[in-house]
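Colleague: I would like a close look at a single part of this model. Please keep to what was computed.

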Amino acid sequence: MIPRLRMAVARLRGLLTRRAPDPEFDDELRAHLAELTELYITQGMTPGDAAWAARRQFGNSALLEEDRREMRTFPSLENLWHDLLFGARQLRLNPAFTAIAVLSLALGIGANTAIFELVNAVRLRSLPVEKPEDLAYVRFQKGSVRSGNFSTRSSMFTYALWQQIHAEHDSFEDSMAWSATRFNLAPGGEKRWAEGLYVSSNFFRVLGVQPILGRGPEAAGDQPGCASPGAIISYGFWQRQFAGDPDVLQRSVTLDGRPFPVLGVTPPSFFGVEVGNRYDVALPLCADQLMASDGKGRMSDTREWWLSVMGRLRPGWTVERTGVRFRTLSPVIMQAGLPVSYRPEDAKTFLKNKLEVVPGETGVSGLRREYEQPLWLLLATTGLVLLIACANLANLLLARASVRERDMAVRQAIGASRARLIAQLMAESLLLAILGTALGAALARLLSETLIAFLTTSNSGLYLGLGLDGRVLGFTAAIAVGTCVLFGLAPALRATRVAPASAMRAGGRGLTAGRERATLRRALVVAQVALSLVLLVGALLFVGSLRKLLAVDPGFRPQGVVAMDVDFARMHFPKDRRPGVFRELMDHVRSQPGVRAVAQVFFTPLSGNGWNDACWAGGSTGEHQESFFNRVSPGYFQTIGTTLAAGRDFNDRDTLSSPQVAIVNEAFAKRFFGGRNPVGSSFFVEGNSGVPDQRYEIVGLVHNVKYYEIREDFQPISYLPMAQDKDPDSAATFVIQSSLPPGDTIRSAKAAVAEINPAMDVEFTILTRQVEGSLLRDRLMADLAGAFGLLAGVLATLGLYGVIAYMVARRRNEIGIRIALGAGRFEVVRLVLREAAMLVGAGLAIGAGLSLGAGRAAASLLFGLLPNDLVTLASAMALLAFVALLASYGPAHRASGIQPMQTLREE
Amino acid sequence: MSKGRAAEPKKSEVLQGTLDLMILKTLHAMGPLHGFGIARRIEQISQEMLRLNEGTVYTSLLRLQQLGSIACAWGASENNRKAKFYSITAIGRKQLARETENWDRIAGVIGRVLRLEGHKVT
């Protein structure tokens, strides 16, 4: 090993100090030859013969000098450097080719890297905590049934259930709980939200996150009843809200009007345990009671589901083993955490629930659930685009390689080995790949930030740290090398396979010599057409799916409607005063210019919030079925643009003391009354344990309105009057229909509310945007699939154009002869187009097969279209065929204009 | 443009390796010599059975120099010509001893194999 090291050092020294010792060797050489000559002279030869014999005895000095030169350096490195220089010059001399090649590579690589960055952030990256592989997330197994109030996206367990899980110490070293929430930072007027968490006192400790300032939460925070708890804030929040004040621990943060002293600050890399969300402020669990509008909070209510749980595994315990343990413990846990309000049948079902444990290394994520599949699909799509770009480049390089045939032949004849020539050609490809990757990496960052901006709607902040980590770099580098090999190797192999003699023959374009080369180019074009058909079909499917979704009648008219959320918890109005305040508010807003109607409602359609219960028709003995519910004030249906089909709307006569009434929709009538007019009939709703079932009399039938999603079928909905709400909340939502543009409506409504009481918190949502927002994922897929399909089509068309032009050039003589013998223009055009049609046809056939096979991957994301929709396939094929043949017409037309005398003269 | 390695590299590597050894031995036995002197000495020792191209000596000399097995210095030859003299170093002596032992061992093994009568293994 040591000798080899010494050799390497010697070579390195030689590389760095090049020319110096060589003149010395020339002297040595000459001296040796001189002495040898003298020796032969003393042996009796003539001086001339002696000199000649000495030279012969010495051997090939040129070869010797070359060997010495090679020994003094790293030949492979030097060769690489020379190849790169040569390649760079070649690229500089062909700016158009270089620009097209680098651009198409950059787009392909950039798109791939951008999507992979997202996939990495959403799916693959571990949490920035200590030993994330030891974390596990506990949840209910699929098929578990539980009911109650699910108030946050973290609603997995009740407080009682968490305490049961926390008591398990065999498998978990410790377990922590959290709940996602929002806090209002603004003292009044329009709200300003901070992302919040309620956390157990060991939250940061279990994760292994050390505060960079101050300390963690107090232990007492896990029990109900805290007087003035402190808050832990994130690094980002510290910078934004406190401008990085070093004395932040002396200050406090005001949340929902209450001050909380700042206890500590977490490191910059920590954003929480949910991928796609970040946290700003963390309060202890007991603070939930302080912030609750009813003063009770969710800790003591066994029907409140609001906590998520993660634990750190003990050494020796795996996720699977822990899962088995929790499955075994489930009956005990369920029994101890059984909500007291459950009726006996519900309790029995509940006790059968099982818990399961999944790895917590990559955190939890609602974002992941919704976007994981589309992201992988998009990654596959961008991969195909890159393949098409590579095929284009390979074709271009093949064309150029055939031009450089003579060059290669001469080099081979002089003595270059095939390997060296291939290395030289590959160096050019490597340069292209490096340039394309560098540009692509820059594009990638731009692209992923655009995507994130697209995905962020005003209501749901999306926070994804797009750091450039090892995986992304490795991915990009692998793509660069892969593409370099893909488009560089085939042309390099081809170019050097030619026997030197035949290449140096005049023109080198015998009628049959080039046929073999053309096969590879045609195969590449067929592959390109096939792949772009797949992408085009995908694009049409997603765009078509989105069009169908947008065409779905949601059952109401969102145009011109604005939703207003008002919160007056701060005003501490007693419950009986609240309806009066609401009415006053509505009247005031209704009097604003342009406002046509105002009404109050629990949930607006497609808001993501909802409420359901089991009910049954009066007088029926059938099974209890689920229906959705909502509360509305009189005039609601008119405000959102739907109408009653029968019966009446709510009015002032429906009060707390009058019989409970309801208005149901057509789907409800179908499910519970067999489709007949239910006005005048009644239905019952299951009450909690110990509470009698509630009877409602149906006074109206309304048309169907979508509840949660546009994609769903119309659900049975039962509307109850706002006036008969026994427990009015301190927050209310109103819908305002106005003839003015939404901006003006919002301004005047805000002013109206401020006139009543400037300290009321208001938040506005434009209903059309809410509807659009519910289709966010579909819009993303349609836009991206459409863009990539278009890109692929353009690339494939360019590729086809190039190949047809090349083939026309190759067959110039043949065509010239045909024209000389009497072929008309039309016949020549037909000749060329037939060639093109064969290629396109083959590509379309293969592509059709591929897209039928690949379609299954996208099936669940489509709406109203099957992945093997024949109309879509046929349209895509027709479109691509038309564009392709159009592209081929150019060279065909030029071919028909060939002057026979010119081509024959070139012979 | 440099050529690739077209011919069989292995054969010349073996020959170069043995030439290195012969040069080391020569320098060890005879003291510092210049290139011409080394070539004459080898020719003399091999009793003129080994007629190699003398230029190859210089390739070996360069390699030995890079390995640190020999050192060089300018001096005057017998004819009072300026010549580069090569001498063996401590590293070179170690290499010589090691590779001589290797050679002897290999030669011994091969010799034993070649002297083996046709003994069949049952």
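How many residues does the contact take from chain B and from chain A?

Modeller: This is a predicted model, in which local features need pLDDT of at least 70, side-chain atom pairs count only at pLDDT 80 or more, and totals for chains, interfaces and linings use all residues. Residues are numbered from 1 along each chain as its sequence is written, chains are lettered from A in the order in which they are written, and side-chain values use heavy atoms, with hydrogens and water left out.

The contact (heavy atoms within 4.5 Å) takes 35 residues from chain A and 29 residues from chain B. Together the two chains bury about 3000 Å², with 54% of it on carbon and sulfur atoms; this is the accessible area (1.4 Å probe) that two parts lose on being put together, summed over both. Nine residue pairs, both at pLDDT 80 or more, are in polar contact between chain B and chain A. A polar contact is a pair of N or O atoms within 3.5 Å; within protein, one must be able to donate a hydrogen and the other to accept it, and residues adjacent in sequence count only if both atoms are side-chain atoms.

On the side of chain B that touches chain A, α2 (35–45), α3 (55–67) and β3 (82–88) of chain B each supply at least two residues. Helices (H or I, at least four residues) and strands (E, at least two) are DSSP runs, numbered from the N terminus. The most comes from α3(B), with seven residues. Chain B as a whole has four helices and three strands, and its elements run α-β-α-α-β-β-α from the N terminus on.
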